[in-house]
Amino acid sequence: MKNRVAFVTGAGQGIGAAIALRLAKDGFSVAIADFNLETAQHVADEIVTSGGKAIALQVDVTQRDNVFHAVEEARHALGDFNVIVNNAGIAPSTPITDITEEIVDKVYNVNVKGVIWGMQAAISAFSAENHGGKIINACSQAGHVGNPELAVYSSSKFAVRGLTQTAAKDLASKGITVNAFCPGIVKTPMWESIDRQISQAAGKPAGFGTQEFAKRITLGRLSEPEDVAACVAFLAGPDSDYMTGQSLLIDGGMVFN
Ligand SMILES: NC(=O)C1=CN([C@@H]2O[C@H](COP(=O)(O)OP(=O)(O)OC[C@H]3O[C@@H](n4cnc5c(N)ncnc54)[C@H](O)[C@@H]3O)[C@@H](O)[C@H]2O)C=CC1
Ligand SMILES: CC(=O)C(C)=O
């Protein structure tokens, strides 16, 4: 089978790790790129132990040069470059009156600039390999509707949806598709932290934030990282070749647009 290479940011834990493991199962060679090299190495080891091909790379997606360097390292080490999943993100709870310049910069640097640098580095790697490719960005249901207490995060994900649509138009002629995935509540360390912050702000025990958000889930359960990874595998594979500019909701019916 032809070597296909995927590069996943924030793949050391949570949704990114599930995506990396799923893409490896689907036959991709995978670059596990994370700020935390230790967790990234752990995921890469798991793939290699199961007979797949993977490398761990330390990357800070807020740093443009750093992202370009890691993508080039992956392309050389794994022998091609076909898919980037710009998954890394952060989600501090930010009631509107508490927003500071520092928090806006921090969230936008990771969630928005990180996606732009990832897209640029992927375009350059696809071009070096003389073919197109697939760009997949992490959005959220919070990028479709404003979420309470999450003004900065939610607006950063609206930006990702806009970037995804625009890049799809700019890059179609190069054979590059650009889509996004928009999870609802996924059981990861990020969600645990949001729940703690929202529950604490309301003066309630941990779990209160989850209960409040979960009331909106039509399917009646939170999602597992693997639910999201399955949809990303579709976006990374040939069955989505005729799709671009889409921000797919994988939210159990939290938001109907
Ligand atoms: N967990 C959820 O309920 C939802 C998550 N999402 C989105 O899915 C994506 C993944 O979320 P989770 O797995 O839940 O998050 P998580 O917090 O569990 O994992 C995020 C990973 O990104 C890495 N990371 C953070 N900043 C980085 C940086 N500057 N450079 C490189 N890596 C960095 C972290 O080290 C961590 O391994 C995020 O973009 C998030 O906004 C969207 C909707 C719901
Ligand atoms: C963190 C997030 O994106 C949610 C709850 O949709």
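Let me start at ligand 1: one of its oxygen atoms is 3.0 Å from an N or O atom in the side chain of K157. Before I go on, please keep in mind that this is a predicted model.

A nitrogen atom of the ligand has a backbone N or O atom of F35 at 3.2 Å. An oxygen atom of ligand 1 lies 3.4 Å from a polar backbone atom of M190. How much of ligand 1 does the protein bury? Taken alone, the ligand exposes 830 Å², and the protein buries 91% of that. The surroundings of ligand 1 consist of 26 residues, and the closest are D34, N87, Y153, G184 and T188.

Now ligand 2. Which residues surround ligand 2? They are S140, Q141, Y153, P183, G184, W191 and I194. In Y153, a polar side-chain atom is 2.5 Å from an oxygen atom of ligand 2. In Q141, again a polar side-chain atom, the distance to an oxygen atom of the ligand is 2.7 Å. In G184 the atom belongs to the backbone, an N or O, and an oxygen atom of ligand 2 is 3.2 Å away. Ligand 2 taken alone exposes 220 Å², of which the protein buries 95%.

Let me move to strand 5 and its neighbours. On one side, strand 4, residues 83-86, runs parallel to strand 5 and is joined to it by four bridges. Strand 6 also runs parallel to strand 5, and there the bridges number six.

Is strand 6 enclosed or open? Eight of its eight residues are buried, so strand 6 is largely enclosed by the rest of the structure. You can follow this on both faces: I176, V178, A180 and C182 are buried on one side, and T177, N179, F181 and P183 are buried on the other. P183 is also one of the residues around ligand 2.

The residue I would ask you to click on is N137. N137 sits in strand 5, residues 133-138. Is N137 buried or exposed? Its relative accessibility is 0%, and buried means under 20%, so N137 counts as buried. Leaving out residues up to four places away in sequence, N137 touches N86, V115, M119, V160, T164, V178, N179, A180 and F181. N86 is connected to N137 in two ways. N137 is the bridge partner of N86 in strand 5, and the side chains of N137 and N86 make a polar contact of 3.0 Å. For a sense of distance, K187 is 50 residues from N137 along the chain, and their C-alpha atoms are separated by 19 Å.

Most residues other than glycine have a negative phi. N130, in the loop between helix 4 (101-128) and strand 5, has a positive phi, near 60 degrees. N130 has 73% relative accessibility and so counts as exposed. E149 is found in the loop between strand 5 and helix 5 (151-171). Phi of E149 is positive as well, near 70 degrees. With a relative accessible area of 32%, E149 is partly exposed.

Conventions. Residues are numbered from 1 along each chain as its sequence is written. Chains are lettered from A and ligands numbered from 1 in the order in which they are written. This is a predicted model: local features need pLDDT of at least 70, side-chain atom pairs count only at pLDDT 80 or more; totals for chains, interfaces and linings use all residues. Side-chain values use heavy atoms; hydrogens and water are left out. Buried means under 20% relative accessible area, exposed over 50%, partly exposed in between (1.4 Å probe, protein chains only). Contact means heavy atoms within 4.5 Å. A polar contact is a pair of N or O atoms within 3.5 Å; within protein, one must be able to donate a hydrogen and the other to accept it, and residues adjacent in sequence count only if both atoms are side-chain atoms. Two strands pair if DSSP finds at least two bridges between them. A residue is near a molecule or strand if one of its heavy atoms lies within 4 Å of it. Accessible areas come from the Shrake-Rupley method with a 1.4 Å probe; for residues, only the protein chains shown count as cover.
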